[in-house]
Amino acid sequence: MKRNAMVILTLILALSTLLAACGSKKNNDTSSPSASTSPSASASASAPASEPASPSKEVEPFTVSLRHIQIGEPQKFRKAILDEVVKKTEAEVPGLKFELDGVEDAVNRFTKLPAEMAAGNQPKIFDLFGGNADALKYAKAGRLLDLTPILDELQLKDKFLNVFGQFTLDGKIYGLPIGGNMEGVFYNTEIFQQNGLNPPTTWDDLIKAADTLKGKGITPFAQASQAGWVPNMLVDTLLGRHVAAGFPNGLTDGTLKWNSPEIVAAYTLYQDFVKKGYFTKGELGKTYDDMLNEFGAGKAAMMFDGSWRSSAFKADGVAKAINGKVAFIALPAIPNAAGEQTSINANYGNGYGFSSDLNENELAAVKAFIKNLYNDEMQLRGLTEDGVLPSMKLSDEAMGKVTDPLVKQVLDTMKAAGSSFVHFDSVVQKAVNAETENQLQKLIANKATPQEVGDAIQKVQDTENAKK
Amino acid sequence: MKNTLKNPAVYLMFIIPTITLYGLFFLYPMFSSVFYAFTNWNGLDETRFIGLDNFTTAFGDESFRSAIFNNMYFIVFSVGLQVPIIIILALLISNVKKLKGFYKTTVFMPSILSTSVIGILWGFIYDPDIGPISAFLGFFGLDPIYWLAEPKWAMIAILLTNAWQWVGFYIVLILAAILAIPKEIDEAAEIDGANATQRAWYLTVPLIKPIISVVVMLSIAGAMRVVDIVLVMTNGGPAGSTEVMASYMVNKAIKFGDYGYGTALAIIIFAFALVFTAIYQLTFGKTERIEY
Amino acid sequence: MPTSLKKAVPHAVLLVYVAIILFPFVFVLFSSLKADNVEISQSPFAFPKDFYFQNYVDAWVQAKIDVYFFNSTYLALSTAVLGVLLAAGTSFALTRMKFRITSKIIYQCVLIGLLIPGNVLFIAQYILMMKLDILNTHWALFWPYTAGALPFSILLISAFMKSMPNELEEAAIIDGLSAPGLFVRIILPLTLPALVTVFIINFLGNWNEYLLANFFINKDTLRTLPTGMVGFRDAYQTNYALICTGIVFSVTPVLLLYAFLQKQIIEGITAGSVKG
């Protein structure tokens with residue numbers, strides 16, 4: 001009898017060892033120096049357990065998880081820069097192997113990272129957004145590494161522009177913006193010329209262009225609203241232009257209401273665009289990449305998007321078909337709107353954050369990573385190759401190297417702006433932002449009026465504001 | 001001899017692994033859910049006991065109410081429309097002489113595929129620009145339908161996809177029951193002059209009532225459980241029009257780390273499932289076992 | 001109505017239905033061999049102009065389908081095997097061993113699990129994985145998959161074992177077999193049909209599972225086929241030909257398996273569900 005019991009036990013045991021061999025452990029709970037490099041399941045990360053007592057100099061392989069959002073074709077320039085930094089850092093730090101994990105932007109920001117933060121098992125290095133709903137929230141919960149000492153040590157602090165606002169809590173810096181961006185109108189100069197239209201630099205010209213194009217069967221604005229953050233970009237600028245003061249910070253301290261006449265007016269304008277058919281048909285089923293594709297294929301004449309998209313129109317970009325035929329401007333002044341009409345949305349909101357639970361090896365890796373990514377060379381490459389505005393101070397000489405006309409237009413637009421405001425999604429609470437997306441989709445689907453949209457969002461805002 | 005089967009050590013050896021797993025992954029989550037449902041736990045901030053707040057929030061939430069209705073659509077569609085079609089197709093297959101095996105094998109095919117792959121596949125079929133349905137409509141000069149982009153179509157699109165996946169599975173279930181009916185009964189009726197339709201309706205259908213009841217039950221359970229296909233095809237959109245209870249719960253809990261609220265939603269889903277099962281069992285499900 | 005026509009009508013209806021079932025497969029197969037979106041959209045129903053096999057190379061390289069495939073295979077296999085063994089052992093103890101009252105309580109308790117829709121436990125299990133510190137490892141799928149199948153498996157196997165006559169085991173015990181020996185040598189072989197049924201159901205369920213796999217696993221190298229494919233679609237969503245290729249890759253092995261085992265699979269599942 002014993003023997004037979006053993007057979008079963010052995011079977012179960014064999015199975016579980018098999019699984020153990022194939023399965024994986026969490027980064028920091030086992031020390032397995034033999035991190036396999038095969039791409040199979042066994043290639044899981046196994047950073048050595050932290051043993052601060054024995055900082056042996058011998059090369060012991062360890063891995064550092066790195067979550068990035070540079071997946072897919074349109075992000076290839078950014079990915080190339082990251083890859084180079086990774087390679088360089090691995091060469092500098094003995095034993096280091098980065099484990100790259102690419103996740104789609106919105107999925108990372110709104111699903112994966114929040115879940116990992118709650119669980120406390122975030123990657124060691126990860127793409128991070130600034131603001132109350134992201135970086136500051138995680139910093140408060142003690143999940144983020146305080147970067148102030150590292151910046152001091154690497155003497156980097158003064159090299160950055162004034163970009164840490166959305167990453168600073170109690171005077172400590174918790175994230176490093178990789179660059180800046182602004183949101184504005186890309187338009188296809190060829191389509192405008194062929195149809196005898198003036199560039200959409202004034203509101204009248206923009207509306208006239210939209211009406212004319214619509215009549216000719218060309219989509220005026222490429223739009224993709226399956227994910228609410230995409231149409232929210234235009235909404236954000238409309239809000240900034242309609243609200244006289246206090247946008248967006250007034251939303252969380254209660255001095256600005258979502259159902260105020262100014263904000264409702266902005267939503268009414270948006271709804272007006274929808275009703276006139278200025279946007280892509282079936283936009284609620286379109287993804288962000290669809291939007292670029294439509295514009296890139298010359299099927300749409302304009303596109304409201306972030307300046308980061310400019311690299312797609314380079315000679316070797318995804319939308320190379322319209323290379324040289326694209327111009328970038330700020331949204332023209334809106335008549336009868338209460339806000340500052342030369343203001344633009346500008347953000348230094350996206351960059352990298354680091355886990356607070358690093359061991360010594362990992363910390364060394366992080367330092368080297370920061371040093372290799374945040375320097376003049378990579379910043380300039382980001383600007384010239386990828387159209388990302390630098391977050392660090394670049395010399396005039398370096399800036400002179402910008403040859404891409406589109407990037408120049410972005411820089412000029414930035415300079416010409418009277419003032420700037422950050423995107424409300426870096427200020428309002430996550431639940432509020434989700435409600436804005438939800439309600440905007442309802443507005444687009446004609447299931448809610450602008451007033452209802454404002455009321456519904458304000459209701460969530462009130463609840464969230466009361467939580468403090 | 002009796003002692004052999006009364007050895008407590010052996011008994012425990014067989015029972016304990018199962019009980020441990022079951023306790024840890026079923027009972028413990030179940031009971032901890034009940035606890036969390038009354039808190040505001042989100043993994044980051046301090047956890048407080050907040051009474052019934054989560055439940056009042058849920059029912060006060062218009063999006064959740066519409067998610068409940070969408071689950072109801074699933075039930076109505078799968079029981080009201082799918083089941084009759086399933087029965088008719090199963091009867092047809094049982095009556096043909098040639099190709100029976102071919103039909104059975106083919107109709108079952110979608111059921112072995114993963115829902116997520118089916119979602120991707122059908123997302124493609126529904127694509128307004130390049131999908132075949134659009135091309136088909138274009139044949140007749142009709143405009144493409146924006147299946148997954150328009151609130152009025154999105155739910156129908158998902159229901160159709162779901163039907164495509166599962167109808168074959170249920171057909172095979174019912175077919176098995178039909179084929180288990182002794183041949184003599186059918187032959188006797190044929191001799192008595194009943195035609196095929198009459199025999200199917202008056203003879204076969206009553207005899208397979210128990211399995212139809214099982215199919216209805218499974219359809220209801222499936223409709224309460226549905227989530228994968230929604231997450232993959234629309235993620236609840238456009239504008240929340242395809243959100244079901246489970247997708248809403250998953251999004252709330254994971255996206256906002258609002259675990260307290262999420263578990264409250266889970267309990268509500270469980271309650272709905274229980275109520276529907278009970279109602280069904282007490283009304284239509286009360287079929288007796290049939291002896292041939 | 002002439003007899004021939006009478007016979008033709010059911011076939012006509014059924015063939016239309018079969019066409020609806022098969023069409024998406026054919027469409028995807030054709031599309032996967034087309035050069036680009038333009039060719040797909042201009043002639044969605046046509047046979048590909050020339051076979052563009054490059055898609056297959058690209059998809060294989062870019063999507064790590066081999067990795068997803070391996071992960072799915074070993075997870076689905078190991079959990080289904082372990083689940084069946086555990087359920088069989090427990091069913092044996094519950095139905096054949098002489099601890100009537102304890103058994104009855106345990107049996108009822110396990111059956112309650114059948115009433116709980118899987119996704120209800122999702123968040124609580126997520127929290128549990130978080131606490132056990134096994135999120136983002138295959139254990140986070142292994143245990144729920146194994147445990148999740150237990151109630152149904154026990155129900156089915158117990159029903160089967162209950163219906164077996166007592167004489168056999170009495171004889172075996174007189175011959176000196178112990179309880180585990182009885183289980184392994186006599187009961188297991190006799191229960192094989194039910195075990196196969198349970199195995200197939202569990203295997204397919206775990207092979208196709210999406211919800212847990214999507215949220216419990218974040219690393220690309222650990223993804224299973226269902227979540228890996230969704231990630232693939234999200235990354236290459238504008239290249240339809242490539243996505244179709246991915247679908248072909250992920251569907252073909254299952255269809256091949258089905259082609260070989262269709263009889264067992266269909267009978268296994270119907271036996272399970274009709275009796276269950």
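1. Chain C is divided into domain 1 (3-52) and domain 2 (60-275), with bounds that come from an automatic or database domain assignment. The C-alpha centres of these two domains of chain C lie 34 Å apart. The model is predicted, so local features need pLDDT of at least 70 and side-chain atom pairs count only at pLDDT 80 or more, whereas totals for chains, interfaces and linings use all residues. Residues are numbered from 1 along each chain as its sequence is written, and chains are lettered from A in the order in which they are written.

2. The contact between the domains takes 9 residues from domain 1 of chain C and 6 residues from domain 2 of chain C, two residues being in contact if their C-beta atoms, placed from the backbone, lie within 7 Å. On the domain 1 side, helix 1 (3-32) and helix 2 (37-42) of chain C are the elements that give two or more residues, and helix 1 of chain C supplies the largest share, 4 residues.

3. Chain B has 13 helices and 0 strands, where helices (H or I, at least four residues) and strands (E, at least two) are DSSP runs numbered from the N terminus. The radius of gyration of chain B, taken over C-alpha atoms, is 24 Å, well over the 19 Å that the globule rule (2.2 Å times the number of residues to the power 0.38) gives for 292 residues, so chain B is more spread out than a compact globule.

4. Along its principal axes, the C-alpha trace of chain B spans about 80 × 75 × 35 Å.
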